[in-house]
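The following note is intended for a colleague who is meeting this structure for the first time. Please read the numbered points alongside the sequence and the model.

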Amino acid sequence: MPVRKCSNGKWRIGSGKCMYKTKSAAMRAYKAYLAKKHSKK
């Protein structure tokens, strides 16, 4: 899922909510999501 900029100036991951103030914040959240998804339980 790519990080995309919304029309209101915020950022989102894929088709999610436009909730991140910066691109770097969205990328950091996406990386954390991937790490949690692929970690051993």
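1. How many disulfides does the count come to by the rule applied here? The count comes to one disulfide, where a disulfide is defined as a pair of cysteine sulfur atoms within 2.5 Å. The cysteines concerned are cysteine 6 and cysteine 18, whose sulfur atoms are 1.9 Å apart. In general terms, a disulfide is a covalent bond between the sulfur atoms of two cysteines.

2. On the basis of the note: this is a predicted model, in which local features need pLDDT of at least 70 and side-chain atom pairs count only at pLDDT 80 or more, while totals for chains, interfaces and linings use all residues. Residues are numbered from 1 along each chain as its sequence is written, and side-chain values use heavy atoms, with hydrogens and water left out.

3. On the overall arrangement: the protein has one helix and two strands, which follow the order β-β-α from the N terminus. Helices (H or I, at least four residues) and strands (E, at least two) are DSSP runs, numbered from the N terminus. The C-alpha trace spans about 35 × 15 × 15 Å along its principal axes.

4. On the setting of the disulfide: the link of cysteine 6 and cysteine 18 is left-handed, with -90° about the S-S bond. The pair links distant parts of the chain, twelve residues apart. Cysteine 6 lies in the loop between strand E1 (3–5) and strand E2 (11–13), and cysteine 18 in the loop between E2 and helix H1 (23–38). Cysteine 6 counts as buried, at 9% relative accessibility, whereas cysteine 18 is partly exposed, with a relative accessible area of 29%. Here buried means under 20% relative accessible area, exposed over 50%, and partly exposed in between (1.4 Å probe, protein chains only).

5. The largest nonpolar core has seven residues, namely Val3, Trp11, Ile13, Tyr20, Ala25, Ala26 and Tyr30. H1 supplies three residues, the largest share of this core. A nonpolar core is a set of buried Ala, Val, Leu, Ile, Met, Phe, Trp, Tyr and Cys residues joined through side-chain atoms within 4.5 Å. In soluble globular proteins, nonpolar side chains tend to be buried together.

6. On tryptophan 11: leaving aside residues up to four places away in sequence, tryptophan 11 touches a set of residues that includes Val3, Cys6, Cys18, Tyr20 and Ala26. Contact means heavy atoms within 4.5 Å.

7. On the aromatic rings: the count comes to one aromatic pair. Tyrosine 30 and tyrosine 33 form this pair, which is stacked, at 6.3 Å centre to centre and 20° between the planes. Rings of Phe, Tyr and Trp (its six-membered ring) pair if their centres lie within 6.5 Å; planes under 30 degrees apart count as stacked, over 60 as edge-to-face and the rest as tilted. Because they are three residues apart in helix H1, tyrosine 30 and tyrosine 33 are separated by about one helical turn. Tyrosine 30 counts as buried, at 15% relative accessibility, and tyrosine 33 as partly exposed, at 40%.

8. On lysine 5: this residue is found in strand E1 and counts as exposed, at 54% relative accessibility. Lysine 5 touches Lys10 and Trp11, not counting residues up to four places away in sequence. Lysine 5 and serine 39 are 34 residues apart in sequence and 28 Å apart in space, C-alpha to C-alpha.
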